Amino acid sequence: MNNVAQLFFDAASLGGIYAMAALGIALIFGVMNLVNFAHGDYIAVCVFALIVPSSEAVAVMFLGHAPAVVLIPMLLGIGALLAMASEYVVFRHFRRADPVAMMIASFALGFVIQNGLLAVYGGRPKAISLWPDLNTPVAIAGASVPLLQVIVIVATLVVVCSLALLLKKTRIGLEMRAAAENFTMARLLGVRANVVITGAFALSGALAAAVAMIMVTQTGVADVRMGGQIMLVAFIATVIGGMGSLPGAVAAGFLIGAVSVLLQAFLPLDARPFRDAFLYTFVIVSLLLRPQGLFASNTSKPRV
Amino acid sequence: MHSTHTQKRLRALSTPVILILILCAFVGLVTLFGDKSLARMAAQTMIRVVFVVGLWIFVGNSGVVSFGHAGYMAIGAYASAWLTLKPQTKALFLPDLWPWLAEAQWPVLPAAIAAGLLTACVALISGAAILRLSGIAASIATFAFLAIVNTIYSNWDGVTGATSSVVGLTRYADQWVTLAWAGAAVLVAAVHANSASGLALRATREDEVAASASGINMYGHRLLSLVISGFFVGVAGALFGHSLGVLNPGSFYLGITFITLAMLVVGGVSSLSGAVTGVLVLSCLIEALVRMERGVEIGDVAFALPSGAQEILIGVVMIIVLIVRPTGLMGGRDFQWPKFGKTT
Amino acid sequence: MSKLGVFDVSVRYGKVPALNDVSLHVEEGERVFISGPNGAGKSSLLGAISGAVSTSHGRIEMDGDILSGRPPEAIARLGLSMVPEGREIFGALTVEENLRVGVGIRRDKQAIESDISDIYDAFSILGERRHANAGALSGGQQQMLAIGRGLMTNPKLMMVDEPSLGLAPNIVDQVYETLVALQEERGLTLLIVEQSSARAARVGGRMILLRGGAVVGDGDAAEFAQQDLLKEAYFGGSQKETAQ
């Protein structure tokens with residue numbers, strides 16, 4: 001029984017991180033058909049914003065000193081600004097271009113950001129302790145769960161619900177949903193393309209910052225390459241969820257979290273290092289079975 | 001009518017000849033006038049030509065962007081290492097190899113060809129699945145493939161040495177050997193592109209729907225091009241290992257995926273000459289930047305770029321080319337003999 | 001000054017020309033039909049006016065403002081509304097959300113609400129299904145919704161691309177009745193793409209005939225309908241069939 005509860009919490013908190021990262025990617029894809037490979041690097045930048053720039057192995061807190069009430073909005077702001085800046089500098093020039101060219105450009109942008117971080121902070125992973133108290137275990141349902149896992153699950157729910165409210169109840173949310181479905185038609189009705197796209201990038205960047213805070217608290221490590229792995233999983237969640245579908249991305253994020261926790265728990269010991277290979281194989285198989293995504297409704301147009 | 005058609009065919013076949021001459025001139029000039037490190041750079045450049053031309057055979061003709069080719073490269077590189085390393089070395093570093101492989105000690109050329117063939121087989125199997133998808137979904141699936149290969153090769157301790165490097169490979173891949181393979185890749189790429197299958201495939205690149213409506217078996221042609229592509233990318237992997245003498249799974253991941261895609265995009269993805277031009281131009285740029293990172297003296301002032309500047313600048317160049325000249329430097333054109341006489 | 005002026009406008013897709021130096025004028029409150037065979041450039045013309053398609057040459061003006069070169073959202077804000085071919089409603093949004101997408105350019109809150117209730121009065125089925133997903137509506141209902149949505153930006157000039165496409169004749173009658181009533185009520189200027197000269201003549205208005213990307217005729221819709229009838233009588237088939 002304990003084990004089941006433990007697995008559940010592991011799966012839900014991992015899935016929560018994946019879901020948030022996938023939301024960030026799905027939002028941009030939905031609005032402008034961009035597969036944004038730089039998203040993982042937004043996460044890495046937010047993590048490194050916590051510490052003083054230097055290539056020393058020991059990390060000295062910079063923004064990380066600030067109390068949570070200041071730090072959280074500040075980091076969300078940094079993520080949003082970074083994403084908006086990348087849209088303004090790079091992606092805005094691709095409005096009439098082929099989505100494939102835009103995808104390659106985002107890959108290049110991610111590479112630039114990653115090497116920028118590498119130049120400033122050096123390549124060695126650094127230990128960071130942000131909010132270490134959150135890793136103290138608490139007992140829930142007979143399982144010993146780090147407080148952080150509970151926070152992650154709650155935070156994911158809060159983020160997903162507030163995003164849903166924003167999309168459902170606000171003017172910009174309505175415009176984003178309309179633009180995601182038919183961008184040209186939305187513009188013909190006076191929806192400002194730049195406002196909607198900038199808004200989507202800001203939200204996406206803020207989501208990246210949220211993921212960054214959770215990851216760094218959980219792992220205690222800042223690594224220039226940390227965005228790559230999470231980005232890959234988030235992509236996969238986006239694809240499985242049906243490209244551009246936000247509820248689909250969330251559901252698929254949780255699904256991948258669950259599958260990967262279950263693989264970790266039940267794969268034979270020898271096969272465990274290959275867990276991710278099984279995970280990615282599962283992705284290709286699910287794409288083959290349902291190219292429109294596992295959670296895409298039948299009425300929605302295929303977008304890829 | 002007939003003669004102009006023949007002339008057109010001849011001109012199309014002049015492309016690989018010109019490209020091979022350019023490659024020979026490049027290697028010849030570098031060997032004549034450069035130092036040892038430049039000769040190594042020439043060998044690296046030719047390996048990239050083999051890789052990028054291999055990549056082009058699939059991406060350039062099908063229009064599907066692949067992020068997975070670094071994975072195929074890893075497969076070729078390790079296959080050649082398995083076949084050529086001394087049995088004693090393998091017993092020490094790669095104890096879990098299958099017995100016949102552990103005892104094998106092949107000459108380098110058959111090993112390179114075998115590495116290419118193994119990669120082609122993997123391309124056939126993986127492509128049979130991935131190419132059922134199209135567009136962005138297919139690209140994402142190739143990315144998943146890359147991650148699968150990387151995960152396996154980074155963890156398969158007794159067979160690949162995992163993240164610790166495999167050392168002791170014969171360093172036979174100098175600029176001349178790699179030039180020969182680069183020439184072969186260019187030739188095969190040109191022949192494939194002008195074959196019925198290659199032409200049909202390029203028709204699907206222009207308009208998927210119309211091509212499939214006119215009865216073109218897009219899946220089959222894509223798969224064939226991926227298999228040929230896989231062969232050369234596998235050979236490029238083998239050459240890569242035998243030029244550095246060291247193998248590490250980290251060499252076959254995002255870094256090389258990025259650089260090779262950059263070369264393809266900067267040169268122009270829709271022509272073979274674009275692929276070759278991209279490799280030569282970016283390789284020279286990289287070499288220049290690496291030297292500037294080490295420090296150069298202009299007059300009395302010593303000047304050095306910060307490390308990492310090379311990658312950042314290449315990324316910036318790639319983005320600018322994508323914005324300003326989305327068709328690349330070659331703009332989809334090929335080098336050809338000038339037209340003679342009356343032209344239509 | 002004309003409501004809408006199109007001066008020497010050309011549109012090309014790559015190297016393929018779609019419109020060649022087209023000029024035309026629409027007066028305030030007028031109802032103008034654009035007609036012509038497939039590929040004549042009707043949709044390209046509407047696209048060029050609305051800003052969805054970029055022009056390679058020429059100038060487009062509305063009320064003295066130059067439209068060419070502006071993005072579609074800016075043109076919508078100047079008072080031009082577009083009901084596109086195939087309706088292009090937002091299927092994942094509810095009926096009411098569809099109507100509200102276009103109100104972002106308006107500041108008159110009360111008028112927005114009364115406009116919405118006017119639309120529900122005019123098309124009672126939309127009112128009944130206001131919270132249903134628009135994708136679940138029938139073709140005719142979607143056409144009504146598209147027209148209603150076009151009205152919600154409070155346009156001075158509305159362009160409707162092939163409102164009869166894919167609809168049963170009695171539904172088409174209903175669509176045109178509504179359009180005419182709305183025009184009279186609001187003083188709208190209407191530009192409608194309609195293949196059938198007979199249909200246009202029954203509704204009444206001016207007709208501009210496009211062929212091969214150029215204007216080949218301009219006059220009363222009834223005259224064109226008469227000519228088409230004559231041609232049919234002479235050649236024993238509709239104009240379209242003889243062309244093939």
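Let me start with burial in chain A: of its 304 residues, 55% count as buried, meaning under 20% relative accessible area, with exposed over 50% and partly exposed in between (1.4 Å probe, protein chains only).

Some housekeeping. This is a predicted model, where local features need pLDDT of at least 70, side-chain atom pairs count only at pLDDT 80 or more, and totals for chains, interfaces and linings use all residues. Residues are numbered from 1 along each chain as its sequence is written, chains are lettered from A and ligands numbered from 1 in the order in which they are written, and side-chain values use heavy atoms, with hydrogens and water left out.

Back to chain A. It has eleven helices and four strands. Those are DSSP runs, numbered from the N terminus: helices are H or I with at least four residues, strands are E with at least two. The C-alpha trace of chain A spans about 55 × 45 × 35 Å along its principal axes. A compact globule of 304 residues would have a radius of gyration near 19 Å, and chain A agrees, at 19 Å. That radius is taken over C-alpha atoms, and the globule rule is 2.2 Å times the number of residues to the power 0.38.

Next, contacts, which mean heavy atoms within 4.5 Å. In chain A, take the contacts with a separation of 6 or more: 75% are between residues 24 or more positions apart.

Now the surface. Chain A exposes about 12000 Å², and carbon and sulfur atoms supply 70% of it. Areas come from the Shrake-Rupley method with a 1.4 Å probe; for residues, only the protein chains shown count as cover.

Charges next. Chain A has 17 positive and 11 negative side chains, with the centres of the two sets 12 Å apart. Lys and Arg count as positive, Asp and Glu as negative; His and the chain ends are not counted. Each charge is placed at NZ of Lys, CZ of Arg, CG of Asp or CD of Glu.

Residues 12-35 of chain A are 88% helix and 0% strand, with end C-alpha atoms 26 Å apart. Residues 103-123 of chain A are 90% helix and 0% strand, and the end C-alpha atoms are 26 Å apart.

Buried or exposed? A:Glu56 counts as exposed, at 54% relative accessibility.

On to chain C. It has ten helices and ten strands. Its radius of gyration is 18 Å, close to the 18 Å from the globule rule for 244 residues, so chain C is as compact as a globular protein of that length. Of those 244 residues, 52% count as buried. The accessible surface of chain C is about 10700 Å², with 50% belonging to carbon and sulfur atoms. The mean positions of its 24 positive and 32 negative charges are 5 Å apart.

Look at helix α1 of chain C, residues 42-50. Eight of its nine residues are buried, among them C:Leu45, C:Leu46 and C:Ile49. C:Gly51 follows α1(C), with a positive phi near 95°.

Last, the assembly. Two pairs of chains touch, and the most contacts are between chains A and B. Chains B and C do not touch; their nearest C-alpha atoms are 13 Å apart.
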